[in-house]
There are 2 protein chains.
Amino acid sequence: MEAENTEQKILIAARQVFLKKGLAGARMQEIADMAGINKALLHYYYRSKEQLFRSSFQDLIKQMLPKVFGVFRTDLPFEEKLRTLTADYLDFLTEYPQLPVMILSEIQRDPQLLFNELNIPDLVDFQDLQKQLDEEAEAGRIRPMQVFELIPNLLSLLVFPFAAKPIIQNALKLTDEQFKDFISSRKLTVPDFFMNALKP
Amino acid sequence: MEAENTEQKILIAARQVFLKKGLAGARMQEIADMAGINKALLHYYYRSKEQLFRSSFQDLIKQMLPKVFGVFRTDLPFEEKLRTLTADYLDFLTEYPQLPVMILSEIQRDPQLLFNELNIPDLVDFQDLQKQLDEEAEAGRIRPMQVFELIPNLLSLLVFPFAAKPIIQNALKLTDEQFKDFISSRKLTVPDFFMNALKP
DNA sequence: ATCAGTTTTAACCATTTGGTTAAACTAAAT
DNA sequence: ATTTAGTTTAACCAAATGGTTAAAACTGAT
């Protein structure tokens, strides 16, 4: 998190502020203060708030997507894919717990935002995954399952607890540390739960 | 959605705008326009933007919570509870698909918001539910399961698809109507998935 | 018809906010 | 030493925005 050049300092500060407050709620002054620079310098490096937001957003998404979908491009057995993805994704989100809400709310505001820059089918070959599922089902190891049911269910189980972090923490009276433990426990319980749900 | 008195018109308009843009993104002028009234009239009825937001937010939450948690106060068999809650909750969220993101992002901004006004343990008696789970497990109908694992998993499966609606719609190329069908199919697949995951 | 209370409006205000400008500083290249 | 390019700042600006005010219009009771 240390400062290198000014551009980096700005990006890091912007990320922090945008993650917490979103595009509309963020103030250029706050970002400048957090980066320890003058507000005009923001506009020198990134012409507008919108542009700074996009850079910061893009940066995060580019970090995120390979970790979410990368494992789908390997030829690991299905259960391995599931366990790897779960652990990697939960680790990543633990670093940026506010990311899901920020992404979801900005996409609600501007649905184009995400898809102008990246192509999800490019990242996950749904058909390949479906083929693997069909094979597993054929072999009697899991019950028949559609990717379009499986993927939303899996992402739900992985992402939602972060989106609902304040609610969970309050309802269960967890400190930040305890919340991390809660998430950590899910690296096992979620794949277990999931594999059980897939049993024939 | 029809106008009764001005106060109602304002609340309805405010709800629409806040749902779409959140507190920071909403403009008083836009709310006034949508309600077909003058901006000053907003301030006559609701002193400030913050207060209008709270009223609108409160209103929605009060509608939502009984539907989410109400069934936990009945003495239905566990699987019945699960299926009832799923159907009711999915129906409710279908009416307000943007609600989850709005709630989650405003709570991230101000974690107090939700809990100042309502007490979740008052709505769900976790211990009662745990007892029921223990009984089901004892009888060999499900495997042992903690409420604190079950509830987050269930809410994840129910809420997340709405939060990710634009992503799902784009990735799967669904119209609004097809998205509703997708959600509707989950009234069966989610409880099925869930009950299967709970099998001993 | 009039009066009191409520509702509605147009005009206005102060502050905030994103963004600009022009000048000063720095360090490397010539 | 001077030029040049990049970096940083203080001071400003125009527009947007939440909020106020005072007066007009409406309503229902007397």
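Some conventions. Residues are numbered from 1 along each chain as its sequence is written, with chains lettered from A and ligands numbered from 1 in the order in which they are written. As the model is predicted, local features need pLDDT of at least 70 and side-chain atom pairs count only at pLDDT 80 or more, while totals for chains, interfaces and linings use all residues.

Symmetry. Chain B superposes on chain A by a rotation of 180° with 0.0 Å of shift along the axis, RMSD 0.0 Å (least squares on the C-alpha atoms of residues with pLDDT of at least 70 in both). That is the relation of a two-fold axis. In chain B, the C-alpha nearest the axis belongs to Ala197(B), at 1.8 Å.

The interface. Taking contact as C-beta atoms, placed from the backbone, within 7 Å, 100% of the interface residues of chain B are also interface residues in chain A, so the copies meet through the same surface.

Now the DNA. Near means a C-beta atom, placed from the backbone, within 6 Å of the strand. Around DNA strand C there are 16 residues, and Ala40(A), Ser48(A), Lys49(A), Thr6(B) and Ala40(B) come nearest. At least two residues each come from α2 (28–35), α3 (39–45) and α4 (49–69) of chain A and from α3 (39–45) of chain B; helices are DSSP runs of H or I, at least four residues, numbered from the N terminus.

DNA strand D also has 16 residues around it, with Thr6(A), Ala40(A), Ala40(B), Ser48(B) and Lys49(B) coming nearest. Here two or more residues each come from α3 of chain A and from α2 (28–35), α3 and α4 (49–69) of chain B.

Note on methods. Contact = placed C-beta atoms within 7 Å.
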